[in-house]
Amino acid sequence: MVVGTPSAIAQQKYGGLDRQRLAWAYRTMVLSRRMDEKEIQLHRQGHTFFEISAAGHEALQLAAAMALQPGYDWFFPYYRGRTLALALGITPLELLLEAVGSAEAPFSGGRQMPSHWGSKPLHIVSQSSATGTQWLQAVGCAEAGVYYRESPDARQGSAPFAENEVMCVTGGDGSTSEGEFYESLNTACSARLPVLYLIEDNGYAISVPVERQTPGGNISHLLSGFPNLFREEVDGTDFLASLDALRRAAAYCRERRGPALVHGHVVRLHPHSLSDDQKLYKTAEELAAEARRDPILRFADFLLNEGLLSQEELKKLEQEVEQELEEAVGRVLKAPAAEGRSAPLHVYSETVDPTSSAFEIPPRLSGEPTTMAELLNACLRDEMRRDARVVVFGQDVADTSHEENLPRVKGKGGVFKVTHDLQREFGSRRIFNAPIAEANIVGRAFGYALRGLKPVVEIQFIDYIWPAMMQIRDELAVIRWRSIGNFSCPVVIRVAYGGYLNGGGIYHSQCGESIFTHIPGIRVVLPSTALDANGLLRTAIRCDDPVLFLEHKHLYRQPYNRNPYPGPDFMIPFGKAHTVREGKDMTVITYGGVVQKALQAAGKLAEEGMSVELLDLRSLNPYDWEAIAASVRKTSRVLVAHEDCLSWGFGAEIAARIADELFDHLDAPVKRVGALDTFVGYHPNLEKAILPQASDLENAMRAILSW
Ligand SMILES: Cc1ncc(C[n+]2csc(CCOP(=O)(O)OP(=O)(O)O)c2C)c(N)n1
Ligand SMILES: [Mg+2]
């Protein structure tokens, strides 16, 4: 089945490969297979801790590598991609160093399981174990290339893109069941992106057969309705047929006709991984039939039958492989193991410290005080003017997707208008709407950031961030750590959150900050005033870590938190609390929507002569422990208050640390105020009972002061 008309590729004999190249192809497949077998042996001997095999997939992967170009095209492989990696230029020594988890393992320093490689010079992106996150990342990577081509101002450093580059993304039959697969096709097909999907269909996802994954059992048939998508089905155990198919697909992508999907039927000759026993769910007949389709045996037969290589020549190649492997194993077994003390490295950027004085630039105030929404908008405008790499996308963020209508409409610019009017200045290439698919937004942003762009994406409500959680938790937060700093994706995710709305209900009032502060590798920032929002967003955009930037909906347009415009350079470092009011009798630590409530309560107590110190943390990861400790040492009494549910909340962490490190300074128990452990109800009576009110804070303060 071929859909679309690929450009004519000369049908030369043996795919135009000469004897030498065919011999190299055979050797590479054998090397891959023998490495799998060797790693299984090393596992039995206790030298490695996991193994996952490419056996049966070799021909298809080799064909992909030969149809494309390392260091020019981009590769998002999955964990079964050993032959692809070897054929693109990763060495057996490098793979084995990863397998034993050596400190010298070049891609992960012993952090990743074997078969999760990534090489910057070869454009092989560090991969996770999650099935299906790679699809959207490849799409974002392709968009970044298009962006660079069309926006010369954004190019920095050497050759950030290549003409006609192709993103090759691979995955198994099972991983096409993930929603993100379809979310990626949505954008790749709509924007005709040069993404080459290679589906390595071995008929199983661990023990689940393909007909239980894919309606009709055939993914390329299923996708027949997707516009602009080239599709071709091929016997992936036949090397030359696979090479032909992949070359046609690559040509289609290079000609910018759209994405292409090659559906290769392969066999999984080994169990899913060393933790699996496939005899438990495959019959002996099935296993024998798979063995007969072994791509290496098929290729050897072909080479012999065509008289291209003799039996002796094949043997000689196999012996060469054996020797190369033995040498590599000998070196690897002497290599130093990963050391525990390396663990903290590369969680965050090691070169850009957003808590440093470099991010402390004072405001130059001008004009009348204005709202948080306005000053966020001003910051985005300033940063987009300053740096052509800043790209904004999300649901409804554009003024209109019909650009030609811009002169005739006022423009949407976000459901809270934070991005209003930016499209008019910066155009639809730099600020545009995304489909209602949160993983799509974050997964694509990953691909943009990977290539040095600065995506500032919007998730419309935190209540709906959860489809993006896999991309946030397993990808954005981890990529720097898992690749020992070789790759990073410093995306800014702006998210509207919070209640106190009188009618927000369950699905427009959530907080959830502690879910994200619990993830290492991601900064969490949460301003309560217009000025802080402006300065902290600028720091978020200029820093080198992924940032979750939480914007409280109730605070977007309050009269009490307005400020004048602070100029285009104003920045506030992360991890610096703001002392909202000074006091000596007790400390209240809070942030976001509760700051104002705490201020009201403190004002009441002040009328009775009690003096409360109020800290607004402003950023939660990192948070300002010095300011907390200094204040608690001064007042000896402390309340931690937040809008999110009380139990397992951010306050629990702060309270525990105070109890641990400041016990000697306390004159009263550490108290917490938070929402009831329920959801936020629609009727104002419910919301009032559920979310912390100024009176709740006042009562807690009185209780602490009465000790
Ligand atoms: C999101 C996610 N869910 C579950 C798993 C556990 N898991 C690892 S591989 C796998 C099967 C994948 O099958 P397929 O995509 O067909 O690839 P194959 O291993 O057959 O090459 C599963 C369920 C995972 N790694 N990621
Ligand atoms: Mg499979």
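Residues are numbered from 1 along each chain as its sequence is written, and chains are lettered from A and ligands numbered from 1 in the order in which they are written. Because the model is predicted, local features need pLDDT of at least 70 and side-chain atom pairs count only at pLDDT 80 or more, whereas totals for chains, interfaces and linings use all residues.

Helices (H or I, at least four residues) and strands (E, at least two) are DSSP runs numbered from the N terminus. Helix 1 covers residues 19–44, and its end C-alpha atoms are 38 Å apart, which agrees with the 38 Å that its 26 residues should span at 1.5 Å a residue; the expected span is 1.5 Å times one less than the number of residues. Glycine 46, with a positive phi near 85°, follows helix 1.

Two packed helices are described by the angle between their axes and the distance between the axes. In the table, axes are lines fitted to C-alpha atoms over the stretch in contact, with angles running from 0 to 180 degrees between N-to-C directions.

| Helix pair | Axes come within | Crossing angle |
|---|---|---|
| Helix 1 and helix 4 | 11 Å | roughly 25° |
| Helix 4 (residues 92–100) and helix 11 (residues 311–332) | 9 Å | roughly 40° |
| Helix 2 (residues 58–67) and helix 8 (residues 239–254) | 8 Å | roughly 40° |

Leu31, Met35, Glu39 and Leu42 of helix 1 meet Pro92, Leu95 and Ala99 of helix 4, two residues being in contact if their C-beta atoms, placed from the backbone, lie within 7 Å. By class, this contact of helix 1 with helix 4 has six nonpolar, no polar and one charged residues; Ala, Val, Leu, Ile, Met, Phe, Trp, Tyr, Cys and Pro count as nonpolar, Asp, Glu, Lys and Arg as charged, and the others, Gly among them, as polar.

Helix 4 also packs on helix 11, with axes crossing at roughly 40°, and is oblique to it. Here Pro92, Leu93, Leu96, Leu97 and Val100 of helix 4 meet Glu324, Leu325, Ala328, Val329, Arg331 and Val332 of helix 11, a contact with nine nonpolar, no polar and two charged residues.

For helix 2 and helix 8, whose axes come within 8 Å, the arrangement is likewise described as oblique. Their contact involves residues including Leu60, Ala63 and Ala67 of helix 2 and Phe239, Leu243 and Leu246 of helix 8, and its classes are 11 nonpolar, one polar and one charged.

**The shell around ligand 1**

Among the 16 residues around ligand 1, Thr131, Gly172, Gly174, Ser175 and Ala205 come nearest, a residue being near if its C-beta atom, placed from the backbone, lies within 6 Å of the molecule. Strand 3 (167–172) and strand 5 (204–205) each supply at least two residues of this shell, which divides into four nonpolar, eight polar and four charged residues.

**Backbone exceptions**

Most residues other than glycine have a negative phi, and most peptide bonds are trans. Asparagine 164, in the loop between helix 5 (134–150) and strand 3, has a positive phi of about 65° although it is not a glycine. A cis peptide bond with omega of about 5° joins asparagine 621 and proline 622, and proline 622 lies in the loop between strand 20 (619–621) and helix 20 (625–635).

Conventions: Parallel < 35°, antiparallel > 145°, perpendicular 65-115°, else oblique.
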